[in-house]
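Subject: Structure handover and notes

Hello,

Please find the structure below, handed over for your use. My notes on what was found in it follow.

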Amino acid sequence: MSLTITKLSHALGAVVSGVDLAQPMSEVVFEKITQAWREHLLLVFRDQQLDFKQYVAFGSRFGELERHLHQASDYLHPEHPEIYSITNREMNGKPSETRDVGREWHTDKSYTVRPLKATLLYCKQIPEAGGDTMFTNLYYAYETLSPALQSMLDELWAVHDFSKRLSNVATYLDPEKIAARRKASPPVHHRVVRIHPETGRKALYVSKAVTTRFQGMTKAESEGLLSHLFEHSVRPELTLRHRWQVNDVGIWDNRCTLHLALKDFEHTSARHMYRMAVLGDTVGHVVQ
């Protein structure tokens, strides 16, 4: 079967058919997949039957994988620290600490100086209904702004602060874990408009989850414009709502997308994903 690419929406996303990720992949096939990923920003591979070694092998084709050496061991694969469980199933008799992650629009690890290049999810359980993920195209978010606003934003930097995101999970995480995460992730600056290192396209790089203000401005001065950018970047015509199927493997480009895990299901119905991530470039700096 030949490789085929089927668009999921006008804004972004495509399903890749005709490839078995469990099998060795030639450079020619991988280059076609990479080209499709650059074009569509999110790729979904249906009906994949992978063991963990095969899953890691596929992810590593995109670059150096993040290793979760300091995360709670309950959520790590014992042999593959690159794999982290996103689940609402109980872990050791306790409610999962990952059951409500990603409930605001964000791009992974933008609150660090080295944000993630890509994120992968391997879907193994989905709720009876719901469990969808929303995605938005940050190229389009930038390109649909007025030229005057684009010109102004091209010169700005913004603060990305993990503490803003932590406030949403503070009700069920241990206070010591909250404090440790705050200490490990001080606020950082990133350009408001990020130039993609492979495509050369400009993308709006702010998110409601962690962006707090513009560099050199107060929160009060920044609030109005940031609120506009947050709303503008997730307009319906820029987005995709992906409905997961069991054995989907999805990979998206964090440098030009935001995503949101919808709270559209009950935790009595299981949702279980195996997450991996590809490290990106160092593009930010810590706020002094």
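The model is a predicted one. It holds nine aromatic pairs. One of them joins phenylalanine 45 and phenylalanine 58 in an edge-to-face arrangement, with 5.4 Å centre to centre and 80° between the planes. Phenylalanine 45 belongs to strand S3 (residues 42-45) and phenylalanine 58 to helix H2 (residues 52-60), so this pair ties together parts that are 13 residues apart in sequence. Both phenylalanine 45 and phenylalanine 58 are buried.

Another pair, tyrosine 111 with phenylalanine 162, is stacked: the centres are 4.1 Å apart and the planes make an angle of 20°. This pair links distant parts of the chain, 51 residues apart, with tyrosine 111 in the loop between strand S4 (84-87) and strand S5 (116-125) and phenylalanine 162 in helix H5 (residues 162-166). Tyrosine 111 has 8% relative accessibility and therefore counts as buried. Phenylalanine 162, at 9%, counts as buried too.

Phe45 and Phe58 also belong to one aromatic cluster, together with Phe30, Trp37 and Phe62.

Two arginines lie over ring faces. Arginine 194 is over tyrosine 205, at 5.1 Å from the ring centre. Arginine 201 is over tyrosine 139, at 4.0 Å from the ring centre.

In soluble globular proteins, nonpolar side chains tend to be buried together. The largest nonpolar core here has 43 residues, and Leu153, Val192, Leu204, Val206, Phe214 and Leu229 have the most contacts inside it. Helix H3 (residues 138-143) gives the largest share of this core, four residues. A second, separate core has 27 residues, among them Leu21, Val56, Phe62 and Tyr274.

Two residues show the contacts in this region. Leaving aside neighbours within four places in sequence, valine 192 is in contact with Leu153, Leu156, Trp157, Ala158, Ala203, Leu204, Tyr205, Val206 and Phe214. Alanine 203 is found in strand S10 (residues 202-204). With 0% relative accessibility, alanine 203 counts as buried. Alanine 203 and leucine 138 are 65 residues apart in sequence, and their C-alpha atoms are 4.9 Å apart in space.

Helix H7 comes next. H7 covers residues 219-233, and at 1.5 Å a residue its 15 residues should span 21 Å; the end C-alpha atoms are 20 Å apart, which agrees. H7 has a kink of about 30°, centred on leucine 225. The buried residues in H7 are Ser222, Leu226, Leu229, Phe230, His232 and Ser233. Leu229 is also among the residues with the most contacts inside the largest core.

The loop between S3 and H2 holds two residues to look at. Aspartate 47 lies in this loop, and its phi is near 55°, a positive value in a residue other than glycine. Aspartate 47 is exposed, with a relative accessible area of 59%. Glutamine 48 is found in the loop between S3 and H2 as well. Is glutamine 48 buried or exposed? Its relative accessible area is 2%, and the cut-off for buried is under 20%, so glutamine 48 is buried. Not counting residues up to four places away in sequence, glutamine 48 touches Val19, Asp20, Leu21, Ala22, Tyr122, Asn247 and Val249. Of these, Leu21 is included in the second core.

Lysine 109 also has a positive phi, about 60°, although it is not a glycine. Lysine 109 is placed in the loop between S4 and S5.

Last, arginine 241, which lies in strand S12 (residues 239-242). At 46% relative accessibility, arginine 241 counts as partly exposed. Arginine 241 touches Asp132, Thr133, Met134, Leu262 and Asp264, not counting residues up to four places away in sequence. Arginine 241 and glycine 93 are 148 residues apart in sequence and 32 Å apart in space, C-alpha to C-alpha.

Regards

How values were computed: Residues are numbered from 1 along each chain as its sequence is written. This is a predicted model: local features need pLDDT of at least 70, side-chain atom pairs count only at pLDDT 80 or more; totals for chains, interfaces and linings use all residues. Side-chain values use heavy atoms; hydrogens and water are left out. The expected span of a helix is 1.5 Å times one less than its number of residues. The bend at a residue is the angle between axes fitted to the seven residues ending there and the seven starting there. Buried means under 20% relative accessible area, exposed over 50%, partly exposed in between (1.4 Å probe, protein chains only). Rings of Phe, Tyr and Trp (its six-membered ring) pair if their centres lie within 6.5 Å; planes under 30 degrees apart count as stacked, over 60 as edge-to-face and the rest as tilted. A charge sits over a ring if NZ of Lys or CZ of Arg is within 6 Å of the ring centre and within 35 degrees of the ring normal. A nonpolar core is a set of buried Ala, Val, Leu, Ile, Met, Phe, Trp, Tyr and Cys residues joined through side-chain atoms within 4.5 Å. Contact means heavy atoms within 4.5 Å.
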